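Subject: Structure handover

Dear colleague,

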4 protein chains.
Amino acid sequence: MVTGFDPFGGDKINPALEAVKKLDGRKIDDIAIVAVEVPTVFHESIKAAVQAIERHQPAAVICVGQAGGRTQITPERVAINIDDARIPDNRGNQPVDEPIVPAGPAAYWSRLPIKRMVQEMHKAGIPAAVSNTAGTFVCNHLFYGIMDYLERRAPQIRGGFVHIPYLPEQTLANHAPSLSLEMIVRGLEICAVTAAHYEADVHAAGGAIS
Amino acid sequence: MVTGFDPFGGDKINPALEAVKKLDGRKIDDIAIVAVEVPTVFHESIKAAVQAIERHQPAAVICVGQAGGRTQITPERVAINIDDARIPDNRGNQPVDEPIVPAGPAAYWSRLPIKRMVQEMHKAGIPAAVSNTAGTFVCNHLFYGIMDYLERRAPQIRGGFVHIPYLPEQTLANHAPSLSLEMIVRGLEICAVTAAHYEADVHAAGGAIS
Amino acid sequence: MVTGFDPFGGDKINPALEAVKKLDGRKIDDIAIVAVEVPTVFHESIKAAVQAIERHQPAAVICVGQAGGRTQITPERVAINIDDARIPDNRGNQPVDEPIVPAGPAAYWSRLPIKRMVQEMHKAGIPAAVSNTAGTFVCNHLFYGIMDYLERRAPQIRGGFVHIPYLPEQTLANHAPSLSLEMIVRGLEICAVTAAHYEADVHAAGGAIS
Amino acid sequence: MVTGFDPFGGDKINPALEAVKKLDGRKIDDIAIVAVEVPTVFHESIKAAVQAIERHQPAAVICVGQAGGRTQITPERVAINIDDARIPDNRGNQPVDEPIVPAGPAAYWSRLPIKRMVQEMHKAGIPAAVSNTAGTFVCNHLFYGIMDYLERRAPQIRGGFVHIPYLPEQTLANHAPSLSLEMIVRGLEICAVTAAHYEADVHAAGGAIS
């Protein structure tokens, strides 16, 4: 299962959503991908994703968001328990330094094989790297919320977050880097297949999880 | 006619060459594209391109080179009469602050419709911008040499230079921006068609050329 | 108390160390600053810093390290429980995906007033911003180790980590951004005074700490 | 003689002007520096600088402007004969692809010892590099206009342009690189002394000039 955020700010499309929509219904070997749209709203995004998890009961969940300015597809290593928004979400919420889950731990590791996902994307010629921060806006929020849900309710399901760069058409008027939709879709497909077949990297299975 | 440099340094392929090869033989409307390989060597590159111009008698010449680190396809505005190499070329030449054509003017404007090329690429969703410097290595050298030849021998032929970003597979191990080969090829095709159909922007036709 | 790493790699000086040395012995109002050198070595760095804490019993500890490529002084928000080294430390250790404290939590928040430190630096005209990642090398390692020590042994002491940019003389041969030693020293002094006078931002005092 | 532009856009100060003002009246060995303010306006800037040249009869003229986003002090190599403004100047002029001097050559080389200026700044620990483009706004406009004047009326006077980065206080709210005012002033002083003592680099004295 992959999730993508609905359009945000004044934009008519959200590239993360466009990318995951292209994956919806794809079958690779024994894996079937289902795409889910989630709102760019604090808390509602977690609710929508959790409902979809409970409905689809997937082997793995990959939430996808955009990180404008990055040059690579970046599986995130860690979600932190804080909302610190520089701009409002799609409902006007703008939390500053608030915990996502008041009684939750400071951070959750991704439960995806992030290093192997990067390796597999590199084999396919796709720029990719592990990232150590998903920020403190709705992306990190959803990431943390999903990891918290999986930790407490569905420890058998793998889950995590992958950031993608701008699409080329978003960068016409600036000098920001971009990656083509085709390459992003191929990269996310590789992420999905890798996540279905492999457990998280060793470190995430160890005591470091907390 | 489009030119691309042969592999440089220890590399086995040169993306500029790969891109222009894909264009070789293409026919769009009344335009036929021919691709020519030139060596990454001071002076020899100019010789090879001039010979090809005399053989093919094209309506327009677009030389293509790579500008690692750029995010967009960048038609160059101006070629300057200087070689200032930080690394040796493929024959070991490393000129420092030497004129390309000792009696030549300080600079030549591109004779391509660079603004319109950028507009047409934008319409197609391709990141593009006019650049004001082609550097001082073999790219600028070939650009200047071709413009000098056209100025003196073939003023009816349009000509200029376009820089392209890295390909994705060149950026796996770093954080440099890239553009897909498909998008680069599409961008160069648009450049070629635009160059065949339109004269250089007004400024380049005016007194500023000298 | 401020700490700085000893020279690393082939370098003869470490700018973080140079900066904190300038602060050694300074007295501002009722605050006395003491500087401590720590080795750029996994685990040994933590040991050296802990020994100094026990000797000096400071009100606050600020560990300082260099983040080449950054443009601002960046107080770090969170330390994560993982070592993932792309290069060896000064003793040749190169851990990959290993927990720093096997039974420790995934992350610790900084116990410094990081937002206020940024505000105070801005008032003084110094480029500064909160950072959400201290990386996964010795900087994050020391940060996590110190927070773990303070959490368990000295909860009354404030502590955290601040990354600084390159010094100008380190960037002569490249195009990396830098900040002058004078400005870095002034920025760290402001950090020290602010840390001594104010508690951590509210979020870090709340349930989010875990 | 050094020139700096007056405040531009809504800004109350212009760092280039602040920097050159600090140099006004300084005497180093046998060199006396005089600073001149010029308006950020097409053509008027050239007029003001030319009047000051005729009044002061300096051995060398260094025009200084800001290039936000650069990390180093960058002596410019070449001025090109074109105005292509993306925003209006201080009088609302916004020329697009117009020649600065209709009958002038496409470009003029700097008549300053740009390589040696960079070397001397490096010796003093100041980030510096030769730049190959001064853009197409008022900076390049003044640069070209001054070089055109010197070429035709005062060939014995050395002249050129140096771009400087943002000051730290301009970058508080963004992530742009900066250099301290002290370092910029020291760098410009070195440029002035070097320009007074040395002729332009060999290439600029050769046939390549025009």
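Contact is taken here to mean heavy atoms within 4.5 Å, and this cut-off is the one to keep in mind for the comparison of interfaces that comes next. Please also bear in mind that this is a predicted model.

With that cut-off, 100% of the interface residues of chain B are also interface residues in chain A, so the copies meet through the same surface. Chain B can be laid on chain A by a turn of 180° and a shift of 0.0 Å along the axis, with an RMSD of 0.0 Å, and that is the relation of a two-fold axis. Within chain B, the C-alpha nearest that axis belongs to P177(B), at 2.7 Å from it. Other pairs of chains do not meet: chain B and chain C do not touch, their nearest C-alpha atoms being 12 Å apart, and chain A and chain D do not touch either, with 12 Å between their nearest C-alpha atoms.

Turning to chain D, there is an open sheet of five strands in the order β4-β1-β5-β9-β6, with mixed pairing. Strands β4 (35-38) and β6 (74-75) of chain D stand at the edges, each with a single partner strand, so one side of each is left without a neighbour in the sheet. Further in, β1 (residues 2-5) and β5 (residues 60-66) of chain D pair in the parallel sense over three bridges, and G4(D) stands opposite V64(D) in β5(D). Helix α4(D) packs on this sheet, where it touches β1, β4, β5 and β9 (158-164) of chain D, and its direction makes about 170° with that of β9(D).

Helix α4 (residues 138-153) of chain D also packs with helix α2 (residues 44-56) of chain D, at an angle of about 40° and with the axes 9 Å apart, which makes α2(D) oblique to α4(D). The crossing in which α2(D) passes α4(D) is right-handed. On the α2(D) side the contact is made by S45(D), I46(D), A49(D), V50(D), I53(D) and E54(D), and on the α4(D) side by V138(D), H141(D), L142(D), G145(D), I146(D), Y149(D) and L150(D). Sorted by class, this contact of α2(D) with α4(D) has nine nonpolar, three polar and one charged residues.

How values were computed
Residues are numbered from 1 along each chain as its sequence is written. Chains are lettered from A and ligands numbered from 1 in the order in which they are written. This is a predicted model: local features need pLDDT of at least 70, side-chain atom pairs count only at pLDDT 80 or more; totals for chains, interfaces and linings use all residues. Side-chain values use heavy atoms; hydrogens and water are left out. Axes are lines fitted to C-alpha atoms, for helices over the stretch in contact, and angles run from 0 to 180 degrees between N-to-C directions. Helices (H or I, at least four residues) and strands (E, at least two) are DSSP runs, numbered from the N terminus. Angles under 35 degrees count as roughly parallel, over 145 as roughly antiparallel, 65 to 115 as roughly perpendicular and the rest as oblique. A crossing is left-handed if the near helix is turned anticlockwise from the far one by less than a right angle, and right-handed if clockwise. Ala, Val, Leu, Ile, Met, Phe, Trp, Tyr, Cys and Pro count as nonpolar, Asp, Glu, Lys and Arg as charged, and the others, Gly among them, as polar. Two strands pair if DSSP finds at least two bridges between them. Copies are superposed by least squares on the C-alpha atoms of residues with pLDDT of at least 70 in both.
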